[in-house]
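Please examine the structure shown below together with its sequence. The paragraphs that follow lead through selected parts of the model.

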Amino acid sequence: MRGFGVLCVLALAAWSAAQDSWARYRVLVRNAEEAQRVSDCELGLFSEQVSIPETDLIVGPQEQYKLWALQLPYTKISDLPNPYGWNRLPRPRTINYRTAYYRYDEIIGQYEEWRAQFPQYVTRQQIGSSIQGRPIWAYRISRSPVVSTSVRHVFMVNCGIHAREWISPAVGLHVFRQLIDSQINGFTDFTTNFSLRTMLRNADYYFIPVHNPDGYEYTWTTNRMWRKNRRQNTSTTFGVDLNRNFGTGWGGAGSSGNPSSDTYRGTAAFSEPESRAIRDHVNRIGKLSAFIDFHSYGEYILWPWGYTLDLAPGDAWLRASGLAMKTAIAAQHGHQYTAGPTASTLYLASGGTKDWYYAQFDAASYTVELRDTGQNGFLLPASQIFDTQNEAWAGFKALALRMHLR
Ligand code: 0X9
Ligand code: ZN
């Protein structure tokens with residue numbers, strides 16, 4: 001009798017251990033109706049987006065029933081680390097932005113160091129505040145700290161719109177620093193014979209170090225796999241997907257009206273202070289020549305449109321520049337990023353940033369999905385920061401040069 005009791009306890013322990021793990025599941029999605037069902041469900045997305053014929057979901061120990069409720073065939077791909085309390089491990093004492101991921105304050109601290117060091121090139125302004133009251137900063141590099149209204153080009157780089165895509169703010173730091181160095185050293189880009197100083201001669205560059213600071217910090221303190229901002233939608237649901245909250249095609253395909261969804265679009269276009277901050281910032285400047293929104297993952301270079309499968313009117317130039325970026329990136333470490341218009345290359349996604357800047361300012365707008373292609377997904381190991389930063393700088397430079405030659 002006693003032996004049986006022990007066995008029971010052991011079996012129970014094994015059973016609850018199995019239920020205790022987080023896992024990545026692949027769900028078969030056969031048509032648009034099934035895709036919408038998956039979009040509206042409350043499971044986290046491991047894939048970048050719901051897509052046919054299959055989509056990977058993050059299923060927690062208490063969430064098996066949500067997977068069953070979908071009534072779609074699925075298989076388990078792998079276990080995942082528990083995204084809650086994942087961050088208990090101590091960090092090494094000496095870290096730097098090329099080898100480690102930074103907290104929000106550390107990121108801004110690093111930009112601040114450079115602003116103090118290079119006041120002749122670097123200025124900053126607060127362009128808004130997040131839902132929880134964190135400042136949203138824009139750092140500007142220009143050839144002079146005096147705002148020049150006559151500057152020909154404005155280039156904006158947006159980082160960290162999606163909280164869990166940590167490599168995005170990390171590449172922002174590197175590209176920013178490289179731009180400063182280009183100005184100081186006047187390097188020549190030997191493939192084009194283009195002096196990098198000319199990159200700053202007729203242009204101002206604005207960097208948003210972290211567009212979604214609340215979400216970003218939440219991925220450090222609480223849930224590593226959080227994507228959206230931290231808006232409280234209902235008594236139990238949080239977060240608007242800021243990259244579904246912009247005005248061009250808002251409410252359309254590839255977004256959800258369910259506040260629990262990872263692609264929840266919000267109650268209206270620009271309902272979120274974070275979206276309004278970068279919208280109003282560019283509206284105040286009054287023009288924009290180029291825009292890159294750094295995301296992960298998938299290794300893609302994407303241009304408008306995201307909200308419709310129609311080709312954008314300027315597709316030829318966007319394509320030529322996108323391919324120039326691809327070639328420059330591949331020359332770094334051999335990674336062939338996939339280039340194409342968003343909707344036909346990746347998926348339909350409406351209310352995104354780059355569609356808005358393209359529609360409003362005719363900016364050469366790109367979403368760059370950084371490493372990797374799914375092995376680690378959003379959990380890109382810090383050991384890959386260095387090479388990914390090189391790729392981002394190469395891609396950025398290729399677009400900046402094209403912008404000047406346009
Ligand atoms: O779904 C997204 O927002 C982006 N992929 S991610 O996995 N990083 O979330 C792609 C965005 C496509 N671009 C726009 N529609 N603007
Ligand atoms: Zn993203």
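**A guided reading of the model**

Asparagine 390 has a relative accessible area of 15%, so it counts as buried; buried means under 20% relative accessible area, exposed over 50%, and partly exposed in between, with a 1.4 Å probe and protein chains only. The structure is a predicted model, in which local features need pLDDT of at least 70 and side-chain atom pairs count only at pLDDT 80 or more, while totals for chains, interfaces and linings use all residues. Residues are numbered from 1 along each chain as its sequence is written, chains are lettered from A and ligands numbered from 1 in the order in which they are written, and side-chain values use heavy atoms, with hydrogens and water left out.

Asparagine 390 belongs to helix 12 (residues 385–405). Helices (H or I, at least four residues) and strands (E, at least two) are DSSP runs, numbered from the N terminus. Apart from neighbours within four places in sequence, asparagine 390 is in contact with Arg98, His174, Gln332 and His333, where contact means heavy atoms within 4.5 Å.

Glutamine 332 also provides a reference point for lysine 287: the two are 45 residues apart along the chain, and their C-alpha atoms are separated by 32 Å. Lysine 287 is found in the loop between helix 8 (273–285) and strand 11. Its relative accessibility is 29%, and therefore lysine 287 counts as partly exposed. A polar atom of the lysine 287 side chain lies 2.6 Å from the backbone oxygen of valine 151. Such a polar contact is a pair of N or O atoms within 3.5 Å; within protein, one must be able to donate a hydrogen and the other to accept it, and residues adjacent in sequence count only if both atoms are side-chain atoms.

How is strand 14 placed in the structure? Seven of the seven residues of strand 14 (residues 364–370) are buried, so the rest of the structure largely encloses this strand. On one side are Ala364, Tyr366, Val368 and Leu370, and on the other Ser365, Thr367 and Glu369, all of them buried. Strand 11 (residues 290–296) runs parallel to strand 14 and is joined to it by seven bridges, with histidine 295 opposite glutamate 369. Strand 12 (residues 300–303) runs antiparallel to strand 14, with three bridges between them; here leucine 302 stands opposite threonine 367. Two strands pair if DSSP finds at least two bridges between them.

Histidine 295 leads on to the metal site. The zinc ion (ligand 2) is coordinated by His162 (ND1), Glu165 (OE), Glu165 (OE) and His295 (ND1), at 2.0 to 2.3 Å. Glutamate 165 lies in the loop between strand 7 (153–159) and helix 5 (167–185) and histidine 295 in strand 11, so the pair ties together parts that are 130 residues apart in sequence. Both glutamate 165 and histidine 295 are buried. Donors are N, O and S atoms within 2.8 Å of the metal (3.2 Å for Na, K and Ca); water is not among the atoms, so sites may look incomplete.

A nitrogen atom of ligand 1 is 3.3 Å from an N or O atom in the side chain of threonine 367. For arginine 244, an oxygen atom of the ligand is 2.7 Å from a side-chain N or O atom, and for tyrosine 347 the corresponding distance is 2.5 Å. The protein covers 100% of the 420 Å² of accessible area that ligand 1 has on its own, by the Shrake-Rupley method with a 1.4 Å probe; for residues, only the protein chains shown count as cover.
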